[in-house]
Amino acid sequence: MEILHNFSLKNYNTFGIEANAKQFIAVHSVSELKNVLEQNSTEKKFILGGGSNMLLTKDVDALVIHIDLKGKKVIQENEDFVWIECQAGENWHEFVLWTLEQNFGGLENMSLIPGNVGTTPVQNIGAYGAEIKDSFVSCEAVKIENQETKTFLKEDCQFGYRESIFKNQVKDQYIITSVVFKLTKRNHTINTSYGDILTELNKNNISNPTIKDVSNAVIAIRKSKLPDPKELGNSGSFFKNPIVSKTEFEKIHQKFPEMKFYDISETEVKVPAGWLIEQAGFKGKRFGDAGIHKNQALVLVNYGNATGQEILAVSKDIQQTILETFGIPIEAEVNVI
Ligand code: EPU
């Protein structure tokens, strides 16, 4: 275990932004992690997982601890279900593919989401009609302050749309080290409720899809809309889809009858920010090396050498224009550092 100084984080953030960590260390076991925390108790710390949901706008003046814990195993099973414990540093998509190889169902709609397993509960990742909370059982986490291990059960996590306790009450207090998922071994629930999936399956004449077919459909849709961070730096959706009260929305909808929306409760609707950004004329635009993706306006991209500040400026310009045009505030989904 060695602490490195002035370490470039360019390969550790999917935006591919050049920024340095004052100090950097990768940990490969929970005991290593606890040692580092104990020995550096007075240092400012910054926890880094897969680096897929952050925008670095400056050097990180802290000890960056990269969570590189690997491993996955079946911890319990019966005829219908299997419980799998996966270490935080495993790549999410590789883990999903591994579950599908064993014919374990539940994660297929979330194929190809970038990032590592340990950060999936933090923002309750979701896509194509599924969210991590649907398969999540519990996670283990180490408290930074005293290195104690705590188990968070699903009901402790306060999951919401891209929300959890880890972004709120216990923000910056715990490091998730492993996650337990409960998956199906048979009688899989096939979820094709998200329109694009059915269209993709029909295109391939699949009327009775398996979990692998659903995964393949999601992979095809994502590849057609979302840029691969290895080819074009990005952090997935940069903004959250805004939630607006129905009373407020009715006024806005009268002015913009084409505006898309989804009912999410008796009193609220969700508006696709991608639609708003596209209508405001930003889709596919480029400002130096920072830009808005041509196939999905929610995704900001780095064409090569954009700085975090440049991408942040574009995001602010978008927020301001959307607010002025539609009267709807949109919030960043990624963590701006
Ligand atoms: N839309 C546009 N223009 C665009 C993009 C979208 O008009 O440029 C419209 C689409 O036509 C569609 C609606 O917006 O009617 C929704 O689009 P899409 O299905 O692409 O989903 P999204 O709401 O834009 C969310 C997630 C994605 C996830 C997809 C699919 C958020 C912030 N984003 O995007 O998650 O993959 O649904 O489930 O909720 C991520 O979090 O990084 C991410 C990629």
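This is a predicted model: local features need pLDDT of at least 70, side-chain atom pairs count only at pLDDT 80 or more; totals for chains, interfaces and linings use all residues.
Residues are numbered from 1 along each chain as its sequence is written, and side-chain values use heavy atoms, with hydrogens and water left out.

**Who surrounds the ligand**
- The ligand has 23 residues around it, and the closest are Y128, Y161, Y194, S237 and E278 (a heavy atom within 4 Å counts as near).
- By class, that shell splits into 10 nonpolar, 5 polar and 8 charged residues (Ala, Val, Leu, Ile, Met, Phe, Trp, Tyr, Cys and Pro are nonpolar, Asp, Glu, Lys and Arg charged, and the others, Gly among them, polar).

**Polar atoms and cover**
- A polar side-chain atom of E278 sits 2.6 Å from a ligand nitrogen.
- For N241, a polar side-chain atom is 2.9 Å from a ligand oxygen.
- Y128 uses a polar backbone atom, 2.6 Å from an oxygen of the ligand.
- On its own the ligand has 820 Å² of accessible area, and the protein covers 86% of that (Shrake-Rupley method, 1.4 Å probe).

**Where the shell comes from**
- Domain 2 (72–225) and domain 3 (233–336) each give at least three shell residues, with bounds from an automatic or database domain assignment.
- α6 supplies the largest share, 3 residues (helices are DSSP runs of H or I, at least four residues; strands are E, at least two; both are numbered from the N terminus).

**E266**
- E266 lies in the loop between β15 (262–263) and β16 (268–270).
- E266 counts as exposed because its relative accessibility is 74% (the cut-off is over 50%, with a 1.4 Å probe and protein chains only).

Definitions and conventions:
A polar contact is a pair of N or O atoms within 3.5 Å; within protein, one must be able to donate a hydrogen and the other to accept it, and residues adjacent in sequence count only if both atoms are side-chain atoms. Buried means under 20% relative accessible area, exposed over 50%, partly exposed in between (1.4 Å probe, protein chains only).
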